[in-house]
Amino acid sequence: MDSCSKSIMDASSPFDCLIFDLDDTLYTTSTGIGEALKKNIDVFLVEKFGFPEIKASSLRVELFKTYGSSLAGLRALGHDISADDYHSFVHGRLPYELIKPDPQLRNLLLSISQRKIIFTNSDRIHAVKVLDCLGLNDCFDQIICFETMNPNLDTSTRPDELPVLLKPSMDAMKIALEAANVNPRRTLFLDDNVRNIAAGKAMGLHTVLVGKTVKSKEADYVLEMVKNLGQVIPEIWVSGMNGDDRRIRRSKSELAAILTTTAVVV
């Protein structure tokens, strides 16, 4: 019996959909984008709101810890700022050229037949730019982003009238899963943030902590890099044969070929 015949099995993939975080998940922190974003937020706090430069970084950290983001914190404290103005400042000045195309990741994603969705706290313009830089703009079926979770924010009459919803808020998670129209128990959720992973687990998702070497309590899997997906969760790659109920798993050699190829599939 050849290796292909041996791989035929009466099982199907446990996953109908994969939901990916964007920043620090599809690309690593080593790009420097995260640090550039922090600096932009600090400058925003100084230039737009007159906070002392020496206190900007600590204020940013405190706003993030308490409210989930600087924008959410500023609005909750009554500062009248639009999400568009905030995002255009802190994301519009990012050095996107630091994010390089990733043909290996592209080939990996294209080899996955299930639905693939981006779920990010960032605005849609930023998400599209990052995917374009990575060469992954046609690899995903849907983008769930800041605008998805906060569709009515601009209609509020006071900045503290409507809270900004972001991961790991359970309200944000519920909106995202409704928008994605998925069964959580057949969905794989990948994120680099431990709190987001915990929220995903509470929603019934299968969870993958990215960018770490040790699992958190709520993580079902851990990946140092998304490109390790094939080695850690090979059961993703299951497809039907000849229209019947039989299924075939990709062999280790097939997955290795996907992971090592460098040619961009177009």
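**Figure 1. The second largest pocket of the predicted model.** The volume of this pocket is about 270 Å³. Its lining comprises 20 residues, and Thr-25, Leu-26, Tyr-27, Thr-28 and Thr-29 are those nearest the centre. By class, the lining consists of seven nonpolar, six polar and seven charged residues.

**Figure 2. The largest pocket and its lining.** This pocket has a volume of about 990 Å³. Of the 35 residues that line the largest pocket, Asp-24, Leu-37, Phe-64, Gly-68 and Asn-121 lie nearest its centre. Two or more lining residues come from each of α2, α3 (53–67), α4 (70–76), α5 (83–90) and α10 (194–202). The greatest contribution to the lining is that of α2, with six residues. Twelve nonpolar, 13 polar and ten charged residues make up the lining of the largest pocket.

**Figure 3. The largest nonpolar core.** This core contains 37 residues, and those touching the most other members are Phe-20, Leu-26, Leu-136, Phe-140, Leu-188, Leu-229 and Ile-236. At least two core residues are supplied by each of β2 (17–20), α2 (33–49), α6 (103–110), α7 (124–134), β5 (187–191), β6 (206–210) and β7 (221–223). With five residues, α7 gives the most to this core.

Conventions: Residues numbered from 1 in each chain as written. Predicted model: local features only at pLDDT ≥ 70, side-chain atom pairs only at ≥ 80, totals over all residues. Heavy atoms only, no water. Core = buried A, V, L, I, M, F, W, Y, C linked by side-chain atoms within 4.5 Å. Buried < 20%, exposed > 50% of the residue type's maximum accessible area, 1.4 Å probe, protein only. Helix = DSSP H or I, 4+ residues; strand = E, 2+ residues; numbered from the N terminus. 1 Å grid on protein atoms, 1.4 Å probe; cavity = no way out; pocket = protein on both sides within 12 Å on 5 of 7 lines; lining within 4 Å. Points joined across faces, edges and corners; volume = space filled by probe spheres on them. Nonpolar A, V, L, I, M, F, W, Y, C, P; charged D, E, K, R; others polar.
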